[in-house]
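I have a new model open and a list of spots to look up. Notes go down as I work.

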2 protein chains.
Amino acid sequence: MTTAPDTTPEELDAVLERAAAAAPLLAALTPGERAGLLRAVADALDGAADRLVPLAAEEAHYPEARCKGELGRTTFQLRLFAQTLEDGSYLEAAVDPADPEWGTPRPDVRRILVPLGPVVVFGASNFPFAFATAGGDSASALAAGCPVVVKAHPGHPELARATAGVVVDALTGAGAPEGSFALVEGMEAGRLAVTHPLTRAVGFTGSIPGGRALFDLAAARPEPIPFYGELGSVNPVFVTRAAMAARGEQILGGYADSAAMGSGQFCTKPGVVFLPEDADLGALVADFADRAAGPLLNDRVAEGFERGLDALSGHPATEVLVQGRHTGDDWSPSLLRTDLDSLLEHADTLLEECFGPATLVVAYADERRLLEAAGVLRGQLTVTVHGEEDDPVAPALLALGASVAGRVVWNGWPTGVAVTYAMTHGGPYPATTAPLHTSVGTTAIRRFLRPVSFQSVPQSLLPRELRDDNPLGVPRRVNGAAPTV
Amino acid sequence: MTTAPDTTPEELDAVLERAAAAAPLLAALTPGERAGLLRAVADALDGAADRLVPLAAEEAHYPEARCKGELGRTTFQLRLFAQTLEDGSYLEAAVDPADPEWGTPRPDVRRILVPLGPVVVFGASNFPFAFATAGGDSASALAAGCPVVVKAHPGHPELARATAGVVVDALTGAGAPEGSFALVEGMEAGRLAVTHPLTRAVGFTGSIPGGRALFDLAAARPEPIPFYGELGSVNPVFVTRAAMAARGEQILGGYADSAAMGSGQFCTKPGVVFLPEDADLGALVADFADRAAGPLLNDRVAEGFERGLDALSGHPATEVLVQGRHTGDDWSPSLLRTDLDSLLEHADTLLEECFGPATLVVAYADERRLLEAAGVLRGQLTVTVHGEEDDPVAPALLALGASVAGRVVWNGWPTGVAVTYAMTHGGPYPATTAPLHTSVGTTAIRRFLRPVSFQSVPQSLLPRELRDDNPLGVPRRVNGAAPTV
């Protein structure tokens, strides 16, 4: 790894001034023109795969196949946002003609969403493509029409620089305004970017302490700005008695695969799994004990994981079923166990996210008492239920899931977040700092847009999307009716 | 005014526990059932007009006719939210069937918006009905399915109690869960309500210092929650040379009416008006000087206004064109003047909101230099442009408006906010603390909802709105296509 000097405050000023200058130009492009920019970036990243994938594999300690798959997800995501722009319904355009019969005085009012302005993005260490430099936050902010300033993740600086180079060249080649995208480096530059007067919003994926510190900076600004942080989640999994009886072996195998995948370094790793206390864990223990050791992302992740694992395994209420083997930087997965009463009593410690290859089985005696977990679970990205359709407890467990999480999974595993129209990757704090939104899927774009209404503005001076002749063919809600083009 | 003891911390706990208990029950009602609750509240408020209107008039020092009109707006708003619920598109329901050909592994994913949980509402002094106990925040939160706890405004405590009584009785009579609505009193109870662990969001309309203090409390919670504050705005008005030449007299008359309306106690009062420096202000000065004095809302507003007016009129860069007359609690409107250079230089002071009957004319020499105001204007609820369609400067002024405000008004006045589908009453800070949203219009409901996605959940266990047979007839976006029922 070569080191580069951190971005200085003066350089950061210049970067944000260029971003602010680019903002109105980027916003003035038609959605279709911005779609072209996103496709150019996607094509360029695909074209640079042979250079980027080895860098990612080296810096994140991942197999090349995984990095290649993740790059594919990243460019798919960019192209899906391009399609979202062309569809146009993301603009939430609405036209209310003047109406003297209305219940309040009603002039002609027309609404559209407009971009917020420069967005600062902090990517994650564990997804060097999909949640990093050209990942979901950057893609959705650019799609919205916001210039993007990425703070390079220190876990993959070479990849960040190489990716940013590809993005900037592609944008420039496709005619994007200068300043639409930039990379800055260094922790202090990141903090200054959050508090910089020209920054209009922040996207962040990372740890609870790191995210909360930046959230606090954003909230304490003289002019607070939206902070979209995806922080932490233990992704509880509930397995009912009936499900365990019907297909216990399959469930435990799936659990081990999901928990150990990528050395447990997923924000959606099933960290806590509720199993009947009489479930036979013999095969599960053997499965965990057999798994190979693998490297963690970087030293900081390794240190944090070791601290978390020590806290869990040293806790008097837990029993270590499988102690992960630790050779150099490589860890094999650990399996721990507690019971429901202990979990409820020591929730603060036992429900803290332990990022890495460790997971906690919670043995329960009374299935109905599982619902008491609702009282101690904080906000989650996901809640999973393994049950049978006629399980008496299943509806209540699904409702519990919906009450604390952004995604409820049935008879599956939370790892793997599909990039689709209906996806939610979000949830109440500390899953995220902005429970109204998702960071994955097409509606992630909504985070970087705000509504503006135009009152009695003549046709010739209205934004194109709001003119009667609708030259861009944007779907619009006219007088509250279902949107039409 | 009778005084009531402040709500104690123990009473507040009980209120929020009842609200939290009501939350899942209220959420489980169909949108149509919740529409029935809102209509019952609207009917009951209309039925209690003879009792409520005189209370409002007495406590807010407004004419009865105005209070009656405002009550009508309030019940219209409740009924419009009822219609929004029946329409169902506010749920943003989406269905993505499983697709093996998709760019990422894609199971069946279905999304719907769900209510956040208990919402605490702080109403405004200047709209004792429409932005208070049963006003827009309460209506939109209830519509979303969130229990509401209103902190009574100390400016109209009797009205708050009477209104809350009507609302609670109507909800109870219509079968709403107990705890769906409650009133608390006292500043300390309000602060505790914002930091209470069971509170999931806050709606606030009021001053910048008061709103910011509560926003800071919400952001500093162990689990931060959304805070929707509508704080302050000077609502700049730009009058071009051409508009002034074409219809100067009419514009100045409209300006005086809008600025003096309701003793200037509107969040949308035109506080700063840019006029050509050679405009003849004689008629405007005479108009202001002739206007009758009227009472302010309460002593606190009067004190704040006097302080603000002193700061403006005592500033070396301003000239007092009309000094408002002050008799007891009654004030007539004041008119001040400065020039564009002074405004740009002393923006911090001269662009501070002065809530009450005072407004500042900014004389400009060079029309093109008006655009420099963009550099000093903070976030606004509204920006107004008076121009001609072929005005060369009009497009840039409208764009300036869209860049800082939630609503851009052409050849009209910002006072008066229509309750419609396309309305935005919001804007960047300090206009609001949440620029993505509006507090007026049907989309105000979005503030109190968050998305939840259901992955691979079988038909019988899905929320009704997401089942294939769509028994409630909710519009849904299937596989990204335009919503259909």
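These are my entries, residue by residue and pair by pair.

**Before starting.** I am working with a predicted model.

**Buried lysine.** What is the nearest side chain of opposite charge to B:Lys151? I get B:Asp6, at 8.0 Å. Setting aside residues up to four places away in sequence, I listed what B:Lys151 touches: B:Val121, B:Phe122, B:Gly123, B:Val184, B:Gly186, B:Met187 and B:Gly190.

**Two threonines.** I looked up A:Thr268 in the loop between α9 (241-260) and β9 (272-276) of chain A. Is A:Thr268 buried or exposed? The relative accessible area is 2%, so I wrote down buried. Contacts of A:Thr268 beyond four places in sequence include A:Asn235, A:Arg407, A:Pro414 and A:His425. I also checked A:Thr268 against A:Gln380: they sit 112 residues apart in sequence, and their C-alpha atoms are 9.2 Å apart.

B:Thr338 belongs to strand β14 of chain B, residues 334-339. With a relative accessible area of 1%, B:Thr338 is buried. Among the residues B:Thr338 touches, leaving out those up to four places away in sequence, I noted B:Ala317, B:Thr318, B:Leu343 and B:Val362.

I found a cis peptide bond between A:Tyr429 and A:Pro430, with omega about 5 degrees. A:Pro430 is in the loop between β17 (405-410) and β18 (449-455) of chain A. In chain B, a cis peptide bond joins B:Tyr429 and B:Pro430, again with omega about 5 degrees. B:Pro430 lies in the loop between β17 (405-410) and β18 (449-455) of chain B.

Then I turned to phi. A:Glu92 is not a glycine, yet phi is positive at about 50 degrees. I place A:Glu92 in the loop between α4 (64-87) and β1 (93-96) of chain A, and at 28% relative accessibility A:Glu92 is partly exposed. B:Asn235 also has a positive phi, near 50 degrees. B:Asn235 lies in the loop between β7 (227-230) and β8 (237-239) of chain B, and at 0% relative accessibility B:Asn235 counts as buried.

**Salt bridges.** How many salt bridges are there over all chains? My count is 46.

- A:Asp341 pairs with A:Arg369, closest N and O atoms 2.8 Å apart. A:Asp341 is in helix α12 and A:Arg369 in the loop between β15 (358-364) and β16 (380-386), 28 residues apart. A:Asp341 is partly exposed at 45%, as is A:Arg369 at 26%.
- B:Arg39 pairs with B:Glu86 at 2.9 Å between the closest N and O atoms. This pair links helix α2 to helix α4 of chain B across 47 residues. B:Arg39 comes out partly exposed at 29%, and B:Glu86 partly exposed at 45%.
- B:Asp257 meets B:Arg291 at 2.5 Å, N to O. B:Asp257 is in helix α9 and B:Arg291 in the loop between α10 (282-290) and β10 (294-295), 34 residues apart. B:Asp257 is partly exposed at 42%.

I also logged a network in which salt bridges with shared partners join A:Asp43, A:Asp46 and A:Arg79.

**Surface charge.** Last entry: A:Asp299, A:Glu303, A:Glu306, A:Asp310 and A:Asp329 form a surface patch of negative charge. I traced A:Asp310 to helix α11, residues 299-313 of chain A.

Definitions and conventions. Residues are numbered from 1 along each chain as its sequence is written. Chains are lettered from A and ligands numbered from 1 in the order in which they are written. This is a predicted model: local features need pLDDT of at least 70, side-chain atom pairs count only at pLDDT 80 or more; totals for chains, interfaces and linings use all residues. Side-chain values use heavy atoms; hydrogens and water are left out. Buried means under 20% relative accessible area, exposed over 50%, partly exposed in between (1.4 Å probe, protein chains only). Lys and Arg count as positive and Asp and Glu as negative; His and the chain ends are not counted. A salt bridge is a side-chain nitrogen of Lys or Arg within 4 Å of a carboxyl oxygen of Asp or Glu. Contact means heavy atoms within 4.5 Å. Patches are made of residues with over 30% relative accessible area and no salt bridge: like charges are joined within 9 Å, nonpolar side chains (Val, Leu, Ile, Met, Phe, Trp, Tyr) within 5 Å. Accessible areas come from the Shrake-Rupley method with a 1.4 Å probe; for residues, only the protein chains shown count as cover. The place of a charge is taken as NZ of Lys, CZ of Arg, CG of Asp or CD of Glu. Helices (H or I, at least four residues) and strands (E, at least two) are DSSP runs, numbered from the N terminus.
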